[in-house]
Amino acid sequence: MNSAKAFTIPKALIWDAYQDVKKSRGGSGADGQTMEDFEGDLRNQLYKIWNRMSSGSYLPPPVLRVEIPKADGGTRQLGIPTIGDRIAQAVVKRYLEPQVEPYFHEDSYGYRPGRSALDAVAKARQRCWRDSWVLDLDISKFFDTLDHELVMRAVRRFTSCKWALLYIERWLRADVVLEDGTLLHRDNGTPQGGVISPLLANIFLHLGFDQWMKEQYPHIHFERYADDIVVHCRSLQQLEMIKQKIELRLELCKLRLNPEKTRVVYCKDSNRSEDWPCYSFDFLGYTFRPRSARNKRGEFFVSFSPAISQKSAHRLRQVIRRKWKLQGKTHLSLEDLLQRINPVVTGWVNYYGKFCRSALHSVLNHVNMALVKWAMRKFKRLRRRKTRAHAWLKGVARRSPQLFSHWQHQSWMTRAV
């Protein structure tokens with residue numbers, strides 16, 4: 001290690017950060033450099049990052065801002081750092097995360113080792129069965145409005161490492177470049193899409209929300225995934241009280257609730273009969289609402305439970321229609337299709353099928369329909385004969401029920417006529 005360097009940063013930390021970024025994939029940033037380009041001169045590229053970070057001279061390049069469509073018709077702004085900058089951010093994340101992780105709240109689930117969104121959904125389901133009311137919080141433009149001074153104050157509560165603090169502050173202030181080349185200076189916010197941004201959000205909301213709730217209102221439970229927060233209350237009066245307290249707390253953190261998207265929800269089921277305008281809320285791709293269920297004795301009752309949301313189901317169907325475009329892939333064999341489709345659909349089933357899997361059938365049927373359309377274009381004998389193409393696909397499913405992973409969840413596809 002060069003003793004003349006301003007900071008002592010192990011080269012192994014740079015290598016591990018590179019492995020993290022490579023594993024997570026992602027597109028190119030403002031410089032257009034892909035991971036393949038970066039790896040073409042890997043040794044020099046990694047040395048350059050280490051040398052500049054160790055000397056204190058590393059300056060983050062502008063972050064590419066892109067807009068992606070949201071399910072509600074709006075857009076979400078993502079900030080995409082360059083490959084090299086993602087590695088530099090991963091270096092600080094690797095250093096800082098083990099120091100802050102032991103202090104985080106047990107009901108904070110977002111972007112944390114050993115915790116998942118499904119864990120948060122499961123806990124929310126359990127608490128909805130116990131508590132009758134939910135406050136579904138929506139923080140207005142959280143990532144775009146984070147106050148830099150308050151973020152740095154929060155980070156300093158956990159570390160005094162000079163190089164980590166130096167580069168976090170530089171990343172917060174890094175310029176943004178639009179897709180048309182326009183350069184923007186940023187006075188607040190952190191790019192949603194940066195490697196370090198989720199950790200900074202967790203640090204900020206741990207002190208701004210989680211720890212405050214634990215100290216002031218330990219009997220009121222919540223689940224938080226990044227800035228997505230659900231609070232459980234025993235009564236409407238308790239909910240109205242905590243909503244007012246949370247609004248005041250967020251104001252101190254220079255944040256505010258979105259009044260149009262923050263919802264007061266009554267968890268109606270067979271044992272709860274109050275009238276209320278809102279009986280549902282969305283959380284992490286699931287919709288919680290009253291649903292018909294059957295108990296161990298085979299009796300039907302109403303349960304307040306999660307299932308894949310309509311927005312999520314619509315988004316998956318859009319992927320099948322607009323991204324896969326199977327009807328135009330007639331050069332591929334059935335084996336080629338399953339290699340492309342199975343990993344994706346298995347991921348969908350594992351996530352959205354965890355609770356109320358039957359609600360996912362509309363998406364899985366859409367996969368089958370895409371395969372039918374592919375077969376109609378692929379085989380002359382099936383052209384313009386949808387019924388025959390359906391029969392052909394069902395025949396394939398009966399002969400090889402394990403061929404496509406989703407067929408094991410659709411017994412009607414593999415059942416003999």
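**Exercise 1: The nonpolar cores**

The largest nonpolar core comprises 71 residues, and Met53, Trp163 and Val231 have the most contacts inside it. Here a nonpolar core is a set of buried Ala, Val, Leu, Ile, Met, Phe, Trp, Tyr and Cys residues joined through side-chain atoms within 4.5 Å. The model is predicted: local features need pLDDT of at least 70, side-chain atom pairs count only at pLDDT 80 or more, and totals for chains, interfaces and linings use all residues. Residues are numbered from 1 along each chain as its sequence is written, and side-chain values use heavy atoms, with hydrogens and water left out.

Task: Determine which helix gives the most to this core, and which residues are in contact with Trp163, leaving aside its neighbours within four places in sequence.

Solution. Step 1: Helix 9, residues 197–216, gives the most, with ten residues. Helices (H or I, at least four residues) and strands (E, at least two) are DSSP runs, numbered from the N terminus. Step 2: A second, separate core has 56 residues, including Tyr109, Cys278, Ile308 and Leu393. Step 3: Contact means heavy atoms within 4.5 Å. Leaving aside neighbours within four places in sequence, Trp163 is in contact with Phe7, Thr8, Ile9, Leu13, Met53, Val91, Val92 and Tyr95. As a general rule, nonpolar side chains in soluble globular proteins tend to be buried together.

**Exercise 2: The surroundings of Arg224**

Task: Decide whether Arg224 is buried or exposed, and identify which side chain makes a polar contact with the side chain of Arg224.

Solution. Step 1: Arg224 is found in strand 6, residues 222–225. Step 2: Because its relative accessibility is 0%, Arg224 counts as buried. Step 3: A polar contact is a pair of N or O atoms within 3.5 Å; within protein, one must be able to donate a hydrogen and the other to accept it, and residues adjacent in sequence count only if both atoms are side-chain atoms. The side chain of Asp210 makes such a contact with that of Arg224, at 2.8 Å. Step 4: A polar atom of the Arg224 side chain also lies 2.8 Å from the backbone oxygen of Ala226.

**Exercise 3: An open sheet**

Task: Explain why one side of strand 9 and of strand 11 is left without a neighbour in the sheet.

Solution. Step 1: The open sheet has three strands in the order 9-10-11, with antiparallel pairing. Step 2: Strand 9 (281–283) and strand 11 (300–308) stand at the edges and have a single partner strand each, so one side of each lacks a neighbour in the sheet. Step 3: Three bridges join strand 9 to strand 10 (residues 286–294), and Phe283 stands opposite Tyr286 in strand 10.

**Exercise 4: Salt bridges**

Task: Compare the accessibility of Asp131 with that of Arg234, and state how far apart their closest N and O atoms are.

Solution. Step 1: A salt bridge is a side-chain nitrogen of Lys or Arg within 4 Å of a carboxyl oxygen of Asp or Glu. The whole structure has 15 salt bridges. Step 2: Asp131 and Arg234 form one of them, with the closest N and O atoms 2.4 Å apart. Step 3: The pair links distant parts of the chain, 103 residues apart: Asp131 is in the loop between helix 5 (117–130) and strand 3, and Arg234 in the loop between strand 7 and helix 10 (236–252). Step 4: Asp131 is buried, with a relative accessible area of 2%, whereas Arg234 is exposed, at 54%.

Note on methods:
Buried < 20%, exposed > 50% of the residue type's maximum accessible area, 1.4 Å probe, protein only. Pairing = 2+ DSSP bridges.
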